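Please read these notes with the model open beside them. They follow the record first, then the domains, then the DNA.

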Amino acid sequence: MPELPEVETTVRGLVPVLEGHRLVQVEARRADLRRAFPPDLRQRLTGARVTSLGRRAKYGLIATDRGDTLIFHLGMSGKWRIDPDALGAHDHFLLETDEGRRLALNDARRFGSLDLVRSDEVPAYEPFVKMGPEPLSDAFSAPYLLGALDGRSAPIKAMLLDQRIVAGLGNIYVCEALHMAGIAPTRAAGRISLMRLERLVEAVKIVLAAAIEAGGSTLRDYARPDGELGYFSKQWRVYGREGEACACGTAIRRRVDSGRSTFFCPRCQRS
DNA sequence: ACTGGGACCTGCCAGC
DNA sequence: TGCTGGCAGGTCCCAG
């Protein structure tokens with residue numbers, strides 16, 4: 001579920017519950033997700049007030065007045081449940097605020113992560129160190145991409161999924177952006193012209209912004225008890241649509257590389 | 001250094 | 001109904 005737009009939507013949904021509020025209960029119901037939780041997680045968070053929330057790539061950031069930042073990653077199946085009616089087997093980490101609002105970090109596959117770092121050390125947080133620019137920032141531009149992809153023979157799809165090139169894209173939005181830009185996913189990344197990279201950068205920004213917009217429009221649904229953060233409307237043009245007609249009328253194709261599905265239109269997306 | 005492939009873990013769904 | 005195989009939105013590690 002969670003690529004950049006879903007994490008952004010999640011963070012926005014957490015803001016009204018957490019921002020400005022004190023954490024009165026903190027409970028880890030297991031010791032790890034993909035990595036071990038910090039051993040002093042509970043001690044450092046209990047009693048702390050949340051000062052701000054943010055996002056870097058697919059990571060959510062929750063800063064406290066004690067100078068700590070809780071960094072979460074939702075992996076493939078993670079989500080925050082708000083005021084859950086009952087806890088389930090996959091509710092791994094719990095928070096309760098001074099207002100009595102309760103949050104459960106639920107992650108069936110446990111590919112997610114939870115870390116706590118000093119806020120001034122966030123830029124040095126290991127996953128962030130070699131990360132590329134935010135795709136919605138001005139730093140993610142065609143000239144930047146041209147330089148970053150120079151000499152690379154790997155397919156453009158693989159390069160867009162590489163968080164060191166650009167941080168926050170996943171399988172869905174890469175497929176969608178390549179389709180919008182009319183570029184074949186298998187095209188060698190280093191052999192794409194500046195003009196076509198302009199279209200690609202533009203497509204990435206449009207696709208992500210539209211997904212965030214769609215997520216934002218469903219935010220009100222999260223306000224109800226037992227709401228789950230992270231869902232968004234599925235308005236994909238190619239992803240998950242193998243065999244269906246592209247806007248051009250051609251059947252959308254699916255290919256699999258090392259277990260990963262790529263959806264594309266063989267007519268609209270030329271190499 | 002770059003590239004491609006597989007591992008990690010659980011749940012769900014189509015097909016038999 | 002019950003089993004099996006295939007599939008899933010992300011990283012990380014390894015071998016060539």
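1. UniProt, in an unreviewed entry, lists residues 2-112 as "domain: Formamidopyrimidine-DNA glycosylase catalytic". UniProt positions are given in the numbering used here, feature names are shortened, and annotations may be inferred rather than shown by experiment.

2. This is a predicted model, in which local features need pLDDT of at least 70, side-chain atom pairs count only at pLDDT 80 or more, and totals for chains, interfaces and linings use all residues. Residues are numbered from 1 along each chain as its sequence is written, chains are lettered from A and ligands numbered from 1 in the order in which they are written, and side-chain values use heavy atoms, with hydrogens and water left out.

3. Residues 2-112 are 18% helix and 39% strand (DSSP runs: helices are H or I, at least four residues; strands are E, at least two).

4. Chain A has two parts, domain 1 (4-129) and domain 2 (142-264), with bounds from an automatic or database domain assignment. Their C-alpha centres lie 27 Å apart.

5. Which residues are around DNA strand B, with a heavy atom within 4 Å of it? They are His90, Ala108, Arg109, Arg110, Phe111, Arg152, Ser153, Ala154, Pro155, Met159 and Ser258.

6. Phosphate oxygens of DNA strand B lie 2.6 Å from a polar side-chain atom of His90 and 2.5 Å from one of Arg152. For Ala154, a backbone N or O atom lies 2.8 Å from a phosphate oxygen of DNA strand B.

Conventions. A residue is near a molecule or strand if one of its heavy atoms lies within 4 Å of it. A polar contact is a pair of N or O atoms within 3.5 Å; within protein, one must be able to donate a hydrogen and the other to accept it, and residues adjacent in sequence count only if both atoms are side-chain atoms.
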